[in-house]
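Subject: Handover of a structure and its findings

Dear colleague,

Please find the sequence and the structure below. I would be grateful if you kept them open while you read the notes that follow.

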Amino acid sequence: MQTLYKPQIICHIEQSLDFSVFESRWIPCSAKFVVLGSHPRGTGVIRIYEISSGKLDLITEEEKSSAFKCGTFAASSLRNRHLATGNFEGKLHIWNLENLSVPVYTAKAHNEIINAIDGVGGQTVGCGAPEIVTGSRDGSVKVWDSRQKERPVAIMEPSEGETCRDCWTVAFGNSFDSEERVVCAGYDNGDIKLFDLRKMELRWETNIKNGVCGLEFDRKDIKMNKLVATSLEGSFNVFDMTEQHPKKGFGSLTEKAHKSTIWVPRHLPQNRDVFVTCGGTGSLCLWKYCYPAKRVKDIDGDKCSVAGSLNLLQNTVISGQPISSFDWNCDKMGLAVCSGFDQAVRVIIVTKLNLL
């Protein structure tokens, strides 16, 4: 790609914070975003910022008894825009941002910290119930429906006698109708497990040899297409999920980047073949996935998907510390918010994405 047409990653606004931030998410259909984290004294904090005239205005701040680790809007309708959070005590809360004094839903989800959360079904029609998935240090993955109090609708955990591995990341996918849905979970030993929620069984598993820090399907509400898995030691995998071989699983490619832990992958909402990875050196890498000429091959009489290739569009360093959270704005192409271990939140603009 010619330099003139390459996307540029620009830090538009940078705001220092007086607490450790673990998650930053855009509030749907707005110029506001929410920041979740922990005060030095161990209490949790929710802050809402709004972009105004090139700066950030603090709209709301609320302190809670336990620190927040993760959050998502994906299980809520665009009308309600309720925020689901997981905290260090293993509790799942759902908040109405208009009144943060009392959560609208509470469940003691896990015995230990909730490391990761994802949602599905809230912002789409005909793709099943609005559900939330949580992954915890206690080794279990649980699926929740906010219409069902206190009790998960599905639990995926080790059998009796098996070693409990720390679940670091979870992701919904394959939710293209009211029946189909999968949950993918990544663990500290490099395991990736794909659970079929319709059949309530383990559909596929593999190991990428390093702890799995982030998982994301390119789209949740379509038939499985691609899955990105980021890990420790500066590598990530892209799996083509269109055709599963009974023995080989899914076709995949491995890419080295960042020279450090790769914390999260995030696909561009307006183009599922473009995604960003966030590194432990404070770097951002922008990638475009290129499909192969043939996406399926025959192995021993069975079909198997074929992985394509990756094109690094741009990379830049925006922080001296790891970038642990990143979220694209669904309404404005190229607008994003990210946060890291340097106690700062940044609004990012990525240019020329419409030319890809």
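Which residues does Glu 243 touch, not counting residues up to four places away in sequence? Before the reply, a word on the source: this is a predicted model, in which local features need pLDDT of at least 70 and side-chain atom pairs count only at pLDDT 80 or more, while totals for chains, interfaces and linings use all residues. Residues are numbered from 1 along each chain as its sequence is written, and side-chain values use heavy atoms, with hydrogens and water left out.

With residues up to four places away in sequence set aside, Glu 243 touches Gly 249, Phe 250, Val 296, Lys 303, Cys 304 and Ser 305; contact means heavy atoms within 4.5 Å. Glu 243 belongs to strand β20 (residues 235-245). Strands (E, at least two residues) and helices (H or I, at least four) are DSSP runs, numbered from the N terminus. With a relative accessible area of 28%, Glu 243 is partly exposed; buried means under 20%, exposed over 50%, and partly exposed in between, with a 1.4 Å probe and protein chains only. The C-alpha atom of Glu 243 is separated by 9.1 Å from that of Met 224, and these residues are 19 residues apart along the chain.

Val 296 and Ser 305, both touched by Glu 243, are also bridge partners of each other. Val 296 is in strand β25 (residues 296-299), which runs antiparallel to strand β26 (residues 302-305) and is joined to it by four bridges. Two strands pair if DSSP finds at least two bridges between them. β25 and β26 form a hairpin with two residues between them, and Asp 300 in the turn has a positive phi of about 55°.

**The protein as a whole**

The protein has zero helices and 30 strands. Its radius of gyration is 19 Å, close to the 21 Å that the globule rule gives for 356 residues, so the protein is as compact as a globular protein of that length. The radius is taken over C-alpha atoms, and the rule is 2.2 Å times the number of residues to the power 0.38. The C-alpha trace spans about 60 × 55 × 35 Å along its principal axes. Of the 356 residues, 56% count as buried. Among contacts with a separation of 6 or more, 50% come from residues 24 or more positions apart.

Strand β24 (residues 283-290) pairs with β27 over eight bridges, and Ser 283 stands opposite Val 317.

Gln 314 lies in β27 and counts as buried, at 14% relative accessibility. A polar atom of its side chain lies 2.9 Å from the backbone oxygen of Pro 7. The residues that Gln 314 touches include Pro 7, Leu 284 and Cys 285.

A second open sheet has the order β10-β11-β12-β13, and its pairing is antiparallel too. Its edge strands are β10 (114-120) and β13 (154-156). Strand β11 (residues 131-136) pairs with strand β12 (residues 141-144) over four bridges, and Gly 135 has Val 141 as its bridge partner.

**Cysteines**

How many disulfides does a search of the whole structure find? The search finds zero, a disulfide being a pair of cysteine sulfur atoms within 2.5 Å. For Cys 11, the nearest cysteine sulfur is that of Cys 338, 7.0 Å away. The sulfur of Cys 285 is 9.1 Å from the closest cysteine sulfur, in Cys 278, which is too far for a bond. Cys 285 counts as buried, at 6% relative accessibility, whereas Cys 11 is partly exposed, at 33%.

**Positive phi in loops**

Most residues other than glycine have a negative phi. Ser 53, however, has a positive phi near 55°. Ser 53 is in the loop between β4 (44-52) and β5 (55-64) and counts as exposed, at 75% relative accessibility. Gln 343 also has a positive phi, of about 55°. Gln 343 lies in the loop between β29 (335-340) and β30 (344-350) and is partly exposed, at 29%.

Yours sincerely

Notes:
A polar contact is a pair of N or O atoms within 3.5 Å; within protein, one must be able to donate a hydrogen and the other to accept it, and residues adjacent in sequence count only if both atoms are side-chain atoms.
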